[in-house]
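Please read these points with the model open beside you. Each one picks out a feature that can be found in the coordinates.

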Amino acid sequence: MNVTSILSSTQITEKVRILVVEDEYILSMNLQETLELLGYTVLDIIDTAETAIEKAGELLPNLVLMDIQLRGEMDGIQAAELIWNRFQIPVVYITGHSDQNTVKRANMTFAFGYILKPVKQQQLYVAIQTALNRHQREQLSQSQRLNLLKNNFLATASHEMQMPLLNIKMTISVLENILEREGILNSELLSPFESVAGYITIMRQQCEEGLDLLNILLSMQMIDTDAYPLELTSFQLQEWLPHLSLYFRELARSQKQIFQVSIPQNLPPMVSDLGVVTKIISELLNNACKYSPPDEEIKLTVQIIDITKSVINKDEESDMKTNAQVPFFEITISNSGVIIPKKDQSRIFEPFYRIPYNNFWKIGGIGLGLTLVKKFVECLQGTIEVTNIKDCTRFTVLLPLSLSDLSS
């Protein structure tokens, strides 16, 4: 196989950066020439193990070609072991020695391949690509393993913590009933700050916050592992949304905010998970009420828009994809009097991210509400974005008319 056929068969799209460690000058020059002909980038040529370790940390190559026999107190095997342990960079050995002891020592350093001298072009290429592919697979494998451990821990910890909190919540209710029956709950002998009812309210609120957090973590874990159970049903947004917004209308009124709902009466039914859609809209409306100053306006609007999407034409034998106009519900929630800074708009859906404190954005929560909203929206095969229009913050949610059609 010649150079041209190797390059055409692999279709290298980005340069692989290689550090060469070889103390034979002629061989190192030949290696550099061959590597560059194969499409690789030679970062440097080093002739000692000590310098190789230093340069590996400085240049961070994709791979190191390491001669085993080097000048100095340290040989290539010792250098390769340190390079792997410190930087997780794969090493392919170049050696004129294939005796059993050398191979055994090299194997103990997580060797990714061997090339015997004299080095042949095809052998060099195969060894490098094999090492890179193996390293990539191992990195990916180590990353499923880590995610699996994280998800298992999160699910187990959240579940185990739920039970004590539920028991505490039940105990609070029992205690409240006993104290009320004994006439202690709202005793006139105590000041409002010493009220038993006040302390019980604090305990209940803290308990509810803990349960809400655990539910969020469990929901995120189930969505991330494609295990969240969707229950599809058909419902009318023009009937359901006004009912859902009643609570937030009253909340806005109590805070001297203006609440407006605009929903056409001729909308087609939505086929989706009603519980998930409720959580999405409720979280966004709650945030709008929470952060809007008095006398400002909160708006909830719905309309149908067409989105250009790539769809499969099932009438064609080849299942060819074509662009088509697909209708989506556009649900918009906006609130005036406050905007999200441009630099924060791309980060507000990140876990635990909170907008830095200023006159409008109050510190509160742990920064998972919008993260879960985005995951829920994507779970329903929709999108969400945030924009500023004049002095308004606007969240726009696009959801398909029928999730069952997209899932089929």
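**Notes on the model**

1. Pro242 sits in helix H8, residues 237–254. Helices (H or I, at least four residues) and strands (E, at least two) are DSSP runs, numbered from the N terminus. The model is predicted: local features need pLDDT of at least 70, side-chain atom pairs count only at pLDDT 80 or more, and totals for chains, interfaces and linings use all residues. Residues are numbered from 1 along each chain as its sequence is written, and side-chain values use heavy atoms, with hydrogens and water left out.

2. The cut-offs are under 20% relative accessible area for buried, over 50% for exposed, and partly exposed in between (1.4 Å probe, protein chains only). Leaving aside residues up to four places away in sequence, Pro242 touches Leu237 and Ile263; contact means heavy atoms within 4.5 Å. Pro242 and Ile263 are 21 residues apart along the chain, and their C-alpha atoms are separated by 8.5 Å.

3. Next, the salt bridges. The structure holds ten of them, a salt bridge being a side-chain nitrogen of Lys or Arg within 4 Å of a carboxyl oxygen of Asp or Glu. One of them pairs the side chains of Lys117 and Glu24, at 3.5 Å from N to O. Lys117 lies in the loop between strand S5 (114–116) and helix H6 (121–181), and Glu24 in the loop between strand S1 (17–21) and helix H2 (25–37), so this pair ties together parts that are 93 residues apart in sequence. Both partners are partly exposed, Lys117 with a relative accessible area of 25% and Glu24 with 42%.

4. Lys117 also forms a salt bridge with Asp67, at 3.3 Å from N to O. This pair again links distant parts of the chain, for Lys117 is in the loop between S5 and H6 while Asp67 is in strand S3 (residues 63–67), 50 residues away. Asp67 counts as buried, at 2% relative accessibility.

5. Another salt bridge joins Glu350 and Arg347, whose closest N and O atoms are 3.2 Å apart. Glu350 is partly exposed at 30% relative accessible area, and Arg347 is partly exposed at 36%.

6. The peptide bond that joins Lys117 and Pro118 is cis, with omega about -5°. Pro118 lies in the loop between S5 and H6.

7. Now a pair of helices. Two packed helices are described by the angle between their axes and the distance between the axes. Helix H3 (residues 49–59) and helix H4 (residues 76–87) pack at an angle of about 20°, with axes 9 Å apart. That makes H3 roughly parallel to H4. Angles under 35 degrees count as roughly parallel, over 145 as roughly antiparallel, 65 to 115 as roughly perpendicular and the rest as oblique. Axes here are lines fitted to C-alpha atoms, for helices over the stretch in contact, and angles run from 0 to 180 degrees between N-to-C directions.

8. Which residues make the contact between H3 and H4? From H3 they are Ala49, Ala52, Ile53, Ala56 and Gly57, and from H4 they are Ala79, Leu82, Ile83, Arg86 and Phe87. By class, the contact has eight nonpolar, one polar and one charged residues. In this scheme Ala, Val, Leu, Ile, Met, Phe, Trp, Tyr, Cys and Pro count as nonpolar, Asp, Glu, Lys and Arg as charged, and the others, Gly among them, as polar.

9. In helix H11 (residues 369–379), the residues Leu370, Thr371, Leu372, Val373, Phe376 and Val377 are buried. The buried residues of H11 pack against helix H7 (196–224), helix H9 (274–291), strand S11 (383–389) and strand S12 (392–400).

10. Two residues deserve a look at their backbone angles. Gln381, in the loop between H11 and S11, has a positive phi of about 60° although it is not a glycine. Gln381 is partly exposed, at 37% relative accessibility. Lys390, in the loop between S11 and S12, has a positive phi of about 55° and is not a glycine either. Lys390 is exposed, with a relative accessible area of 84%.
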